[in-house]
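Good morning, and thank you for coming. I shall speak today about the structure on the screen, and I ask you to keep it in view while I talk.

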Amino acid sequence: MAAKAKPVPQVALGLEPGPFHDRLVEHNRQQSWVNWMGYASPSVLDTVEFEYFAIRNQSTLFDISPMCKYTITGPDAEAVVNRLVTRDIRKLKPGRVAYCIWCDEDGNVVDDGTVFRLSGTEFRLCCQEPQLSWLEDIAWGFDVAITDVTRDIAGLALQGPTSFALLKDLGLAGIETLKPFGIADFRIDGADVTISRTGFTGDLGYELWMNPADALKVWDALMDAGKLRGLRVIGYEALEMARIEAGFLLPKVDFLSSQTVLRADRANTPYELGLEWLVALDKPHFNGRRALLDLSKQTPRRKLVAIEIERDKPAHNALVYHKKTREVGQVTSALWSPTCKRNIAYAWLEAPFGQSVTDNLWVEIYLQKEIRWQRRMARCQLVQKPFFVHPRRTATPPADY
Amino acid sequence: MSGRYDAIIIGAGHNGLVAAALLARKGRKVLVLEARDHVGGMLGDADFRVAPLPYALRPEIIRQLGLPPQLMGTSRPVETISFNPDGAPVTVLGGRASGVDADMAPAYATLHARLGRQAKALGVMMLQSPPGLGKASFSEMAGLARMALKMRLLGKTEMRDLLRIILSNAWDLLNDEIGDGPLAGCLAMDATLGGAMGPRSPGTVLTLLYRMASQSSHGHGLRVMPEGGPDALVKALRECVTDAGGVIRTGAPVAKILVDQDKAAGVRLQSGEEIAAATVLSNASPKITLMNLLGVEHLDGEFVRRSRNMATIGMVSRLDFDIAQMPSLGSGGEIEHGQRLVFAPTMQAIETAFNAAKYGNLPERPVFEATYDATAKRFCVTAQFTPHDLKGGWTDDAKEKLASSVMAALEEALPGLTSAVTTRRVMSPVDIETGYGASGGHWHHGELRVDQLLMLRPFDGAAQYRMPVKGLYLCGAGAHPGGDISGAPGFNAARAALRNGGH
């Protein structure tokens with residue numbers, strides 16, 4: 001008997017269109033897409049400069065649906081989230097968001113993300129890397145349900161000085177009282193939208209969360225209202241500039257998750273990342289607490305620092321030297337900041353550099369000028385993050401730009 | 001809180017008693033809490049003992065605790081009878097086998113002596129705290145170095161041979177050296193007893209060496225009944241604790257280990273009574289200690305995952321047959337008091353019995369060892385492989401089926417036994433789990449396999465007796481060096497607690 005081929009359901013290959021894809025395609029003149037967690041995400045739609053300046057001067061839309069999202073619900077939800085993250089989540093009130101990191105048993109950072117407290121017994125976690133198995137390990141033995149809602153919730157970042165005015169134009173009553181890291185529910189064009197005053201730009205801005213079925217409707221309403229507010233759709237590259245100015249770290253660029261490193265010493269502790277302010281050692285046991293307690297008493301092996309470099313050439317991937325001779329670290333993110341008019345970067349420096357030794361540091365910048373390469377040693381100095389600070393980010397009610 | 005002690009020991013199994021005795025003799029105020037109404041754990045229930053053959057108590061422990069030397073067994077042990085369906089049984093005592101082919105007896109003697117030397121080299125680690133992975137102390141590394149030196153001192157040929165066989169299986173080794181049959185079956189039974197592995201499973205040479213590492217004045221690897229039986233051993237250990245000022249409370253099940261500021265603070269009994277102590281040693285299995293008594297909220301997620309994943313599926317059932325009159329062996333001769341009968345005619349028979357259990361079924365023909373207690377007129381059978389996770393659960397029918405299959409096999413060796421049996425009792429792995437704080441009903445509180453031994457016992461990150469919560473120690477068979485009635489985990493754990501000064 002001849003074998004008969006059985007029809008096999010086709011697995012989707014390539015990048016998946018997200019909930020806003022139809023609109024993104026219309027705006028993506030560059031047809032420049034990157035892979036973000038399997039979704040087609042725009043890197044630049046028009047020109048990165050226009051998109052960047054829209055973040056700082058108008059308002060912008062960026063599709064954040066590919067973010068990994070999980071809900072943690074049940075009687076032990078607070079205990080589980082408190083066990084997961086290093087901050088004391090008992091202090092987070094319903095309707096509030098907190099930026100958090102979580103660590104493995106050695107005190108190395110697994111990932112960072114935002115924790116939304118939706119009610120006494122309901123949390124939502126937004127992060128870059130898939131965390132389901134990690135969450136299930138942390139929650140084992142507790143009375144909670146953990147659900148991956150990545151594909152159930154569409155997310156849109158509305159960022160920029162005119163973002164508040166735009167939402168007010170849409171008639172969102174009470175949006176003026178929403179404080180930074182606050183959450184509230186609204187309706188836009190008949191669709192339920194949860195809005196949090198959060199973002200990755202360090203500017204005034206909001207993140208809108210909705211049912212994917214309502215995604216295009218909400219998008220259209222925002223674009224409509226944004227006509228007179230300079231609303232612009234942006235891609236990853238412009239956001240990357242804003243996030244460096246804002247002092248935010250990016251996993252896989254500035255640090256690696258301890259779950260993905262092959263070389264054990266590539267993982268990083270909160271103390272090395274300068275995130276010790278997120279570690280509440282005085283709360284009851286949480287993952288990695290004992291290791292972190294020991295680490296808190298030691299000098300970090302290395303430190304991720306913010307530096308400012310002389311002159312104007314960004315120090316992408318540059319090595320850092322002490323007294324121009326001894327190699328002591330390297331740059332992870334670098335940018336000529338158009339708003340701050342400063343040449344800024346994050347760099348890893350091996351101890352004691354960046355800690356007890358902070359002077360006479362140099363970065364080695366390679367410049368290509370019409371095919372010919374030049375090497376330049378530029379002096380740099382340690383500075384405080386964030387590079388970009390503006391009172392409009394936190395003003396409540398925000399100004400009507 | 002009622003009372004104040006330096007150390008509380010949860011569980012009065014032999015390891016708990018050894019730990020309590022050592023701590024009490026070092027001047028610590030100790031309290032032993034036992035859930036059952038008698039001490040001795042798996043040894044202690046005179047009516048139906050989980051472990052009727054308490055060989056292997058380490059001589060060093062007997063000396064250090066000043067226990068009566070008769071516990072090592074003063075009279076020479078009786079030969080083990082390995083049932084042979086095709087003729088006269090094979091009898092074995094140490095390196096001497098009779099009833100086998102003339103050329104096999106010397107081959108067996110050579111193998112037994114060689115395994116004994118190799119086991120002795122490994123045995124150096126038995127009373128050592130295994131080194132921590134990554135951050136071992138000098139004394140821990142010194143223990144490992146001593147073992148390496150002992151192995152090297154075996155000579156080049158023998159060390160090479162040890163390294164060749166150590167991770168392999170008993171099946172290959174025994175087939176190479178003595179061929180399959182009742183003698184190989186008897187040794188393979190030693191290699192697999194209590195574990196979820198057949199003779200063909202990798203690592204069964206290692207478990208055989210573990211058995212071979214037991215020491216007595218009559219030689220290594222023997223099952224030596226203490227003078228006076230298990231009761232004498234339990235009584236001696238109990239008196240050792242109380243003579244040194246230790247307090248033992250029976251019928252006092254512990255509900256929770258109390259933790260304050262990340263340190264052990266004592267225990268709460270099921271009655272609600274709380275007793276304070278800065279040091280708590282648990283003789284319960286690691287899973288029960290960590291998940292039930294301590295609570296996962298005190299542990300990191302990865303630690304809990306490793307603890308959950310520890311292999312602890314018990315495979316042993318215990319059956320007792322009270323008999324009016326012990327029949328003679330079918331092949332002629334009588335069974336003596338304390339004599340051990342092994343019913344594993346070939347390694348293949350053990351492997352076949354294991355095959356059924358792998359898939360959650362009872363074997364048609366279980367393999368087992370049995371001892372005859374002439375005083376109680378009782379035949380005590382230790383049968384495998386009877387999985388804890390038996391399909392359909394451990395119902396009365398399942399127990400009846402097991403008892404019948406054991407009886408049928410025994411009838412072949414001892415014709416007329418069936419009619420001589422007055423009563424029979426069956427204890428499944430589930431009964432062992434609920435009765436003795438051993439998760440999975442596992443004899444050794446966890447498989448003795450290469451990924452759960454030494455610095456990986458009970459699991460990575462928990463191998464130095466002390467648990468992440470300061471002042472809490474594991475002192476049962478789940479800790480290094482593992483199961484059997486050796487007393488070594490309790491002894492090592494007490495020394496670890498003394499070293500750390502009880503925090």
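Predicted model: local features only at pLDDT ≥ 70, side-chain atom pairs only at ≥ 80, totals over all residues.

Strand 14 (residues 302–309) of chain A and strand 19 (residues 372–383) of chain A run antiparallel and are joined by four bridges. Strands here are DSSP runs of E of at least two residues, helices are DSSP runs of H or I of at least four residues, and both are numbered from the N terminus. Two strands are said to pair if DSSP finds at least two bridges between them. Within this pair, A:Ile307 stands opposite A:Leu382 of strand 19 of chain A.

Residues are numbered from 1 along each chain as its sequence is written, and chains are lettered from A and ligands numbered from 1 in the order in which they are written.

Strand 15 (residues 319–322) of chain A pairs with strand 18 (residues 361–369) of chain A in the antiparallel sense, over four bridges. There, A:His322 stands opposite A:Leu361 of strand 18 of chain A. Strand 18 of chain A is in turn joined to strand 19 of chain A by nine bridges, and these two run antiparallel. A:Glu364 has A:Met377 in strand 19 of chain A as its bridge partner. Strands 18 and 19 of chain A form a hairpin with two residues between the strands, where A:Glu370 takes a positive phi near 50 degrees.

I turn now to helix 2 of chain A, residues 48–57. Its buried residues are A:Val48, A:Glu51, A:Tyr52, A:Ala54, A:Ile55 and A:Arg56. A residue is buried if 20 or more other C-beta atoms, placed from the backbone, lie within 10 Å of its own; it is exposed if 12 or fewer do, and partly exposed in between. The partners of this buried set include strand 2 (39–44), strand 9 (154–159) and helix 7 (236–246) of chain A.

How do helix 2 and helix 7 of chain A cross? Their axes come within 8 Å and cross at roughly 45 degrees. Helix 2 of chain A is therefore oblique to helix 7 of chain A, since angles under 35 degrees count as roughly parallel, over 145 as roughly antiparallel, 65 to 115 as roughly perpendicular and the rest as oblique. At this crossing, A:Val48, A:Glu51, A:Tyr52 and A:Ile55 meet A:Glu237, A:Ala238, A:Met241 and A:Ala242 of helix 7 of chain A; a contact requires C-beta atoms, placed from the backbone, within 7 Å.

Chain A has nine helices and 19 strands, and 44% of its 401 residues count as buried. Chain B has 16 helices and 17 strands. Of the 503 residues in chain B, 54% are buried. The C-alpha trace of chain B spans about 65 × 55 × 45 Å along its principal axes.

Definitions and conventions
Contact = placed C-beta atoms within 7 Å. Axes fitted to C-alpha atoms, helices over the stretch in contact; angles between N-to-C directions.
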